[in-house]
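Here is a short briefing to read with the model open beside you. Take it one topic at a time and follow along in the viewer.

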Amino acid sequence: QSVSPLKSSTGPVFSIKIPKKETGCKLVSNAIILESVQDPGNVGTVIRTADAMGTDIVILVGDCADLYNPKTVRATMGCIFRQRVIELSLNELKDYVNQQDLKLYGAALSERSEDIRKIDMKKIAVAIGSEGRGLSQELLKLCDGQLIIPMRPDCESLNAAIAASIVMWEMSR
């Protein structure tokens with residue numbers, strides 16, 4: 001009880017050493033990027049889904065929830081130990097996607113956005129923004145294009161983790 005953040009812990013509690021930041025540039029064929037997604041449950045869910053869909057890497061940019069927040073780790077359901085995740089600044093992000101020869105797209109509600117079903121989802125990195133603010137203008141300026149997940153006209157938006165999950169599903173097809 002004294003070491004678990006839960007009121008009623010259902011199982012073992014353990015500690016691990018946080019791995020060193022990844023160095024070097026292992027090749028990737030796709031990436032999902034989260035910009036300023038602050039909800040630890042959403043960040044953990046995206047990591048879990050990335051592992052399930054075979055997404056090569058999850059990139060955290062901006063003011064995202066702490067990767068090692070207990071709620072983030074719990075939401076990954078163990079996938080945090082398998083899925084590659086890195087944290088980059090906006091400047092590092094553009095260099096990274098260029099080194100990987102990936103096209104960078106931003107999921108955005110704009111007139112420039114293309115239907116996700118019409119985009120070649122190979123060799124791509126897609127950025128998802130926070131639910132409240134979406135992607136920053138700074139990140140959108142770095143993008144090669146913008147995409148949208150078509151929805152019924154009376155729907156405003158999707159939860160960030162759900163939007164990222166749909167994008168990763170399309171990447172895996």
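Helix 1 covers residues 40-53, and its 14 residues should span 20 Å at 1.5 Å a residue; the end C-alpha atoms are 20 Å apart, so the two values agree. Please keep in mind that this is a predicted model.

**The ends of helix 1**
- After helix 1 comes G54, which has a positive phi near 75 degrees.

**The buried side of helix 1**
- Which residues of helix 1 are buried? They are P40, N42, V43, G44, V46, I47, T49 and A50.

**N42, a residue of helix 1**
- N42 is found in helix 1, and because its relative accessibility is 10%, N42 counts as buried, the cut-off being under 20%.
- Leaving aside residues up to four places away in sequence, N42 touches V37, E131, N159, A160 and A161.

**L67, a loop residue**
- Look for L67 in the loop between strand 2 (57-61) and helix 2 (70-76).
- Is L67 buried or exposed? L67 has a relative accessible area of 5%, so this residue is buried.
- Not counting residues up to four places away in sequence, the contacts of L67 are I47, L60, T72, V73, I80 and V85.
- L67 and I80 are separated by 13 residues in sequence, and their C-alpha atoms are 8.7 Å apart in space.

**The second largest pocket**
- The volume of the second largest pocket is about 420 Å³.
- Its lining is made up of 22 residues, and those nearest the centre of the pocket are A107, A108, L109, G134 and S157.
- Two or more lining residues come from each of strand 6 (124-129), helix 4 (137-142), strand 7 (145-148) and helix 5 (160-172).
- What classes of residue line the second largest pocket? The lining has 13 nonpolar, six polar and three charged residues.

Note on methods: Residues are numbered from 1 along each chain as its sequence is written. This is a predicted model: local features need pLDDT of at least 70, side-chain atom pairs count only at pLDDT 80 or more; totals for chains, interfaces and linings use all residues. Side-chain values use heavy atoms; hydrogens and water are left out. On a 1 Å grid over the protein atoms alone, a cavity is a set of points where a 1.4 Å probe fits but cannot get out, and a pocket is an open set with protein on both sides within 12 Å along at least five of seven lines; lining residues have an atom within 4 Å of a point. Grid points are joined across faces, edges and corners, and a volume is the space filled by probe spheres set on the points. Helices (H or I, at least four residues) and strands (E, at least two) are DSSP runs, numbered from the N terminus. Ala, Val, Leu, Ile, Met, Phe, Trp, Tyr, Cys and Pro count as nonpolar, Asp, Glu, Lys and Arg as charged, and the others, Gly among them, as polar. Buried means under 20% relative accessible area, exposed over 50%, partly exposed in between (1.4 Å probe, protein chains only). Contact means heavy atoms within 4.5 Å. The expected span of a helix is 1.5 Å times one less than its number of residues.
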